[in-house]
Amino acid sequence: METRSNALRSLRGFRRLAPAEWREREERHAARLRPWTEPHLRRRSLGETHPVYDFLFDYYSHPVAKLLRWSPGADALLTGEGSAKFLSQPGYRADPEGALLDGAAFPEGRRESLRWALDFLKATAGRPAQFSCHGLHEWAMVYRSPEVRHGRVPLRLAPEALAVFVEGQTLCCSHYDAFRFFTPEARPLNRLTPEKHRQTELDQPGCLHVNMDLYKWAYKFSPWISGELTADCFELAAAAREIDMRASPYDLSDLSGLEWSPIAIETEAGREHYAQCQRDLAERGRPLRERLIAEMEAIASV
């Protein structure tokens with residue numbers, strides 16, 4: 001008697017990848033990510049930290065080894081010599097021609113989570129983008145607090161000047177995973193009270209963190225989401241994190257590797273600059289969100 005996957009295979013098309021194609025895509029995937037992963041692994045081996053980039057590996061729970069592991073995405077058949085190595089990875093099964101990553105083999109126990117994520121992404125995509133928060137979340141995370149999140153990095157403003165600036169602004173953070181790190185003194189200043197169960201209701205596509213989190217949704221359903229899309233989302237998350245920290249109250253001038261000039265949101269020009277950065281990130285995020293929805297719908301439909 002045919003299994004569910006075998007029966008569906010007779011009705012659905014599978015992308016058949018020749019050895020030269022999947023090997024080239026696999027190599028290109030690892031090469032584009034090494035500029036982030038290799039320095040991170042080197043820092044970790046030396047006990048060093050980076051206040052900007054370590055976030056991509058510590059806050060997001062996707063191990064480096066898995067990030068570097070390319071996937072063709074659901075319903076792909078990797079053919080030829082060498083394809084058997086994929087059979088040791090979750091999601092793949094043996095096929096007479098090689099290794100098959102079948103969308104129908106997506107775990108039943110994870111389908112509810114997949115459907116929730118799809119509803120969330122669609123709701124976010126359908127909501128108007130907002131660009132008025134001015135990146136104040138990082139400021140709210142150190143407001144009126146003797147402790148800071150990045151203790152080895154100095155602040156650009158004295159604590160009292162920082163507090164006065166925050167108190168003169170309108171805090172309107174709508175993202176739960178940013179708001180939950182606000183200091184107790186800052187939370188009442190926020191116009192909204194984001195809660196985890198309200199994410200689908202509140203998150204919107206102009207939010208820097210919402211676009212950064214596209215990476216989370218890509219790796220959460222790995223390997224059925226393609227490696228190319230996961231890497232695209234990671235690169236967007238890295239770009240968003242750079243903007244996030246440049247607009248923060250931290251002084252990054254001692255960091256090497258990039259021009260870490262601040263986006264001084266305590267000035268009108270800085271706030272305008274940040275809003276334009278948000279628009280640019282949202283424009284980059286829009287097609288990635290659409291691709292995520294398409295790839296996830298393909299899994300959910302079988």
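**Notebook: helix α12 and its neighbour**

I started with a helix pair: helix α2 (residues 19–46) and α12 pack at an angle of about 15 degrees, and their axes are 10 Å apart. I'm working from a predicted model here.

How are α2 and α12 oriented to each other? Angles under 35 degrees count as roughly parallel, so I wrote α2 and α12 down as roughly parallel. I also looked up the handedness: α2 passes α12 in a left-handed crossing.

Next I listed who touches whom. On the α2 side I have R25, R28, H29, R32, L33 and W36. On the α12 side the contact is made by G227, E228, A231, D232, F234, E235 and A238. I sorted this contact by class and got five nonpolar, two polar and six charged residues.

Then I checked α12 by itself. Does the end-to-end distance of helix α12 agree or disagree with 1.5 Å a residue? Helix α12 covers residues 227–246, and at 1.5 Å a residue its 20 residues should span 28 Å. I got 29 Å between its end C-alpha atoms, which agrees. I looked at burial too, and α12 is mostly covered, with 17 of its 20 residues buried.

Last entry, on Q276. I found Q276 in helix α13 (residues 268–300).

Notes:
Residues numbered from 1 in each chain as written. Predicted model: local features only at pLDDT ≥ 70, side-chain atom pairs only at ≥ 80, totals over all residues. Heavy atoms only, no water. Helix = DSSP H or I, 4+ residues; strand = E, 2+ residues; numbered from the N terminus. Expected span 1.5 Å × (residues − 1). Buried < 20%, exposed > 50% of the residue type's maximum accessible area, 1.4 Å probe, protein only. Axes fitted to C-alpha atoms, helices over the stretch in contact; angles between N-to-C directions. Parallel < 35°, antiparallel > 145°, perpendicular 65-115°, else oblique. Left-handed = near helix turned anticlockwise from the far one by under 90°. Contact = heavy atoms within 4.5 Å. Nonpolar A, V, L, I, M, F, W, Y, C, P; charged D, E, K, R; others polar.
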